[in-house]
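Open the model in the viewer and keep the sequence panel beside it. The stops below say what to select and what is there.

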Amino acid sequence: MKRLTALDLGFIHLERRNQPLHVAYLTLVRPPADAPADFVQTLVARLRSYATPLPPFNQRLESRLGKGFWVEDPEFDIEQHVIHLALPKPGTMAQLLAMVSRMHASHLDRAYPLWRTYIIEGVEGGQVAIYSKVHHAVADGVAGTRLFLRSMSADASEILPPPWASPPLGRRPRPSNLLAAPVDGVVKFASRFGGAFDNVPAIWRELRQTAKERREGHPDALNGTCAPATILNRPISASRRYLARSYPLARIKAAGRTLGCTVNDIMLAMCSHALRQYLLDQRALPAEPLIVGVPMSTRRDKSDVGNQISFLLANLGTHLADPAERLRVIKASVEHSKARFATMKPGAILGYAAAQMAPGLANMLFAPKRGHLAFNLVISNVPGPRSPVYWQGCAVEGMFPVSVLADGMALNITASSRADALDFGVLACRRTLPKVESLMDYLGDGLEAVERLARVAIAVGKPVAFASAVD
């Protein structure tokens, strides 16, 4: 039995009918060239043969003594968690994404361990799709990626156990029993309380510094109430629209090297361009720039369960027509936030982010139309495999993240890097945001705009500077 942390328990309590809080991956794999006709059926049978999972995959949620615990499920049923589906012909990507949209809108049943894996055959072109979802209380984005990556290999002939049967990378806490739980709780509370006091001076110092920078008009200082009201920040329904597309990582890295930017800077610039164009189409572009919440891992170990995340705020510069100016704003904003966090311990980072964004988050929940929000949407970039990998003997050809939405946040953009591609997954509320599929084309346009900046920079002899160019 393991007690949920306060952050993990928060994901349980925040879940609503219109707000399921699981994260997922849509992975596209290609079977071997000599795969028999019954390859997928054999694959599913092999996966189901791992019927005795390891923690946390054998644990369901239970409330005891007024607290939340993960407890081992004595009646674990692998067929409840590994599902075999097939797309109707012709099995297009559009059909697959429509299926994922519906599956991601449905809640995980709390009577069982909070995860499911769907094996989907019939994808056009001979690929097989794997849609795997796990509750955010079990794993954050980085942990979820690590869970899946540990079942992959650089060798096509090596068949590794699936995530639920792979030994965890991080240390597991010692088991506890019901009688020991109150004593353990007191000890842990005292430890956390003392640790929190240790971080108070650093948190207070950085909050004062942020307030000072805002008063002095520092262009890169954001205080958690800077985001304007937009159509992205309306209440959501339970319906979802999921979109996915890959972009060559070589193009992104080449533009970044020329312009002195990171892959994350270029990814945010692509998103900035796409969001600006989409909001212009909807005649809903605010005069103030969109502010994005960027999840950052505070994980200092190799663990692959639980949540160890915080947020930094970044200015997307969507009010600027010039892509060079937008990129300058994005880069400066991200670097300013990173410089602040570089001197802080993980606990202080989490406390600072929570205190900084609390007023804006309250506005998002109770008065989103008034503006002064913490951020307009979440955009994240999760590192994936750096070299080609295989899963169950199949070449991995796409790893598309599927994240979460909440009331006041009707859009999420998450990317995952692979050896040769940056895979984007865009999740939106189908009812709140019309024609959101145009974002995918605009992301490509955003990459082309950055590449034009790089070509101009080279032509004028400024390889690490930005040069103006028109949209």
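Start by selecting strands β8 (residues 240-248) and β15, which pair in the antiparallel sense over nine bridges. Helices (H or I, at least four residues) and strands (E, at least two) are DSSP runs, numbered from the N terminus, and two strands pair if DSSP finds at least two bridges between them. This is a predicted model, in which local features need pLDDT of at least 70, side-chain atom pairs count only at pLDDT 80 or more, and totals for chains, interfaces and linings use all residues. Residues are numbered from 1 along each chain as its sequence is written, and side-chain values use heavy atoms, with hydrogens and water left out.

**β15 and its partners**

A hairpin of three residues joins β14 to β15.

Now show β15 (residues 421-429) by itself: nine of its nine residues are buried, meaning under 20% relative accessible area; exposed is over 50% and partly exposed in between (1.4 Å probe, protein chains only). In a regular strand the side chains alternate between the two faces of the sheet. In β15, Ala421, Asp423, Gly425, Leu427 and Cys429 point one way, while Leu422, Phe424, Val426 and Ala428 point the other way.

**Helices α6 and α10**

Select α6 (residues 249-259) and α10 (residues 438-459). Their axes come within 9 Å and cross at roughly 40 degrees. Axes are lines fitted to C-alpha atoms, for helices over the stretch in contact, and angles run from 0 to 180 degrees between N-to-C directions. The two helices, α6 and α10, are therefore oblique to each other; angles under 35 degrees count as roughly parallel, over 145 as roughly antiparallel, 65 to 115 as roughly perpendicular and the rest as oblique. α6 passes α10 in a left-handed crossing; a crossing is left-handed if the near helix is turned anticlockwise from the far one by less than a right angle, and right-handed if clockwise.

Show side chains at this crossing. From α6, Arg251, Ile252, Ala255, Thr258 and Leu259 take part, meeting α10 residues that include Leu447, Val450, Leu453 and Ile458. Contact means heavy atoms within 4.5 Å. The contact of α6 with α10 has nine nonpolar, one polar and three charged residues. For these classes, Ala, Val, Leu, Ile, Met, Phe, Trp, Tyr, Cys and Pro count as nonpolar, Asp, Glu, Lys and Arg as charged, and the others, Gly among them, as polar.

**Helices α7 and α8**

Move to α7 (residues 263-281) and α8 (residues 323-342), whose axes come within 10 Å and cross at roughly 130 degrees. α7 and α8 are therefore oblique to each other, and their crossing is right-handed. Asp265, Leu268, Ala269, Ser272, His273 and Arg276 in α7 meet Arg326, Leu327, Ile330, Lys331 and Val334 in α8. By class, the contact of α7 with α8 divides into five nonpolar, two polar and four charged residues.

**The six-stranded sheet**

Select the open sheet with the order β5-β6-β7-β2-β13-β12, where the pairing is mixed. Its edge strands are β5 (82-86) and β12 (390-391), each pairing on one side only. Within the sheet, β6 (residues 115-121) and β7 (residues 128-135) run antiparallel and are joined by six bridges; Arg116 has Lys133 in β7 as its bridge partner. Helix α3 (residues 93-105) packs on the sheet, touching β2 (22-30), β5, β6, β7 and β13.

Centre the view on Ile130 in β7. Is Ile130 buried or exposed? At 0% relative accessibility, Ile130 counts as buried. Among the residues it touches are Tyr25, Val29, Tyr118 and Trp391.

**Backbone stops**

Most residues other than glycine have a negative phi, and most peptide bonds are trans. Two cis bonds to inspect are Pro55 to Pro56, with omega near 5 degrees, and Lys89 to Pro90, with omega near 10 degrees. Pro56 sits in the loop between α2 and β3 (59-64); Pro90 is in the loop between β5 and α3.

Finish at Arg283, in the loop between α7 and β9 (291-297). Arg283 has a positive phi of about 50 degrees and is exposed, with a relative accessible area of 82%.

Notes. Lists of a residue's contacts leave out its neighbours within four places in sequence.
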